[in-house]
Amino acid sequence: MIHTRLPRTISLLACGLILLVGLPFNPAAAQDEPALPPGLGGPEPDDAPALPPGLGGGEAPGLPPGLGGPETGDAPALPPGLGDAPEDSAAPEAGSGDTRLIDRLPPWLHGFWETRAGMRTHNDPEQPGDISIGETRLQLEGKKFWDAASLEVTADFVGDAVDEEGHFDLRQLRLSFSPLDTVDIRIGRQVLTWGTGDMLFINDLFPKDWPSYFLGRDQEYLKAPSDALRVGWYPGPVNIEVVYTPRFDRDRFIRGARVTYHNPLFGPSGRDSQVQSSPPNDWFQDDEIALRIYRRVNRFELAFYAYDGFWKSPGGQSFIPFEATHPRLRVYGASARGPLGKGIFNVEAGYYDSRDDRSGADFAVNNSEFRFLIGYEQELAKEFTGAVQYYLEHMMDYDAYANSPFFLFLPKRDEDRHVFTARLTRLLMNQNLTLSFFAYYSPTDKDAYLRPKATYKVNDHWTVEAGGNVFLGQDDHTFFGQFEATTNVYASMRFSF
């Protein structure tokens, strides 16, 4: 992501332009009520019209030229391209109603223009203001197809009123081609996802953007892009996918810039005490590789996973220099997903091998873990869907971790972290209005994270949305409890083209 300094006025001006673009979708509001015609209460005209010739009117009209009438010297001009008529005849003006800007865009170009704003509902002394998000975003998406290949580009241009900067985020620049009928290759920047969890990730070890998720950006921005080579081989009995990332792509993790977090040594930490880190970044040495092998058995899709790389968010801490680290990590896992009863069932597990501390005795490096989730989704009524999940994180060498003398002064984790999730989705008004509610609750951490949201599709172009991110917790060092001061509400307006 590239950052440039941007005056606040430019962001506000962009917001104003969106409002101007939105005005034409309700033109009737600007028209005067028409007068009633004569005979229905309207005023009678001063002069009644004359009867036409043949019905008592004046002289009969002459025949037109070519049908017996006199020839005139002013013959009608031929259309452009069929005579001497000028070819630079006036084109309809932009904005005249039948040639809007979006109608003149090339068919391969799509995207949206969005304004999003939000504010914190709690006082957060670690952040300079109450505004949690305030931005205008233009996303342009283009696709070019050839016989054997395609090129896809997606780029976001953001004017951020909170940090008064402009950002450029290239989310996709991917070349796809198929050298064989059973082989598919995609190379370049791309957003990748695996696994079966709903907002819980075990074998999906591609980068995430956690600040976007917690501040109320669209859910698509939870997935950050990877610079990778993805090869898929689909011979039939099984399908194999390999993703190679030549240089480590870390998460866009919580570092204090917008979301205040809990530092075990210093307590609540925000913009003035952001996480400093030096991630592995040598090309072809600090690389990552992920493997998925999957096939369908009856109505279930079974998958096996392997990953070799680093903890995506900081999983360690060095003290000289004092900075967060990304220790080495390997993950082995499996999943299954398919219909069960009236709904969809999924189960997934993974073993996290923390290679820099396999004994578990180093309190400054993440312990190895076993992770597990099980979920079920079903339509509860017409246009009303419900889903639940259970998730477990189990530390493999908890005794070695807990015996560290540092925990005489610092809070330590529980051996097991249990989390339950629930999702409710209701469609109304011919599916133009979507009400959704997603909740995390951890009985071991005694904290919760609630995500209510309402989305209304005004027409084919306009969509409005409002929602919130509510964090609750008894302690300020638990996973969700540390973000309680970040609780916020937001609203957005998007024009898609």
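How many of the residues of the protein count as buried? Of its 497 residues, 38% do, where buried means under 20% relative accessible area, exposed over 50%, and partly exposed in between, with a 1.4 Å probe and protein chains only.

Colleagues, a word on the basis of these values. This is a predicted model, in which local features need pLDDT of at least 70 and side-chain atom pairs count only at pLDDT 80 or more, while totals for chains, interfaces and linings use all residues. Residues are numbered from 1 along each chain as its sequence is written, and side-chain values use heavy atoms, with hydrogens and water left out.

I begin with the overall picture. The protein has three helices and 23 strands; these are DSSP runs numbered from the N terminus, with helices being H or I of at least four residues and strands E of at least two. The accessible surface amounts to about 27,700 Å², and carbon and sulfur atoms hold 60% of that area; such areas come from the Shrake-Rupley method with a 1.4 Å probe, and for residues only the protein chains shown count as cover. If we take contacts between residues at least 6 apart in sequence, 57% join residues at least 24 apart, a contact being heavy atoms within 4.5 Å.

Two strands pair if DSSP finds at least two bridges between them. Strand β4, residues 149-160, pairs with β5, residues 165-180, in the antiparallel sense over twelve bridges. Within this pairing, alanine 155 has leucine 170 of β5 as its bridge partner. The two strands form a hairpin with four residues between them, and glutamate 164 in the turn has a positive phi of about 55°. On to the next strand: β5 and β6 run antiparallel and are joined by six bridges, with leucine 175 facing isoleucine 187 of β6 as bridge partner.

Methionine 199, in the loop between β6 (183-190) and α2 (210-215), has a phi near 60°, positive although the residue is not glycine. Is methionine 199 buried or exposed? Its relative accessibility is 13%, so methionine 199 counts as buried.

Asparagine 430 also has a positive phi, near 55°, and is placed in the loop between β19 (416-428) and β20 (433-442). Asparagine 430 counts as exposed because its relative accessibility is 74%.

Finally, isoleucine 320 and proline 321 are joined by a cis peptide bond with omega about -5°. Proline 321 lies in the loop between β13 (316-319) and β14 (322-325).
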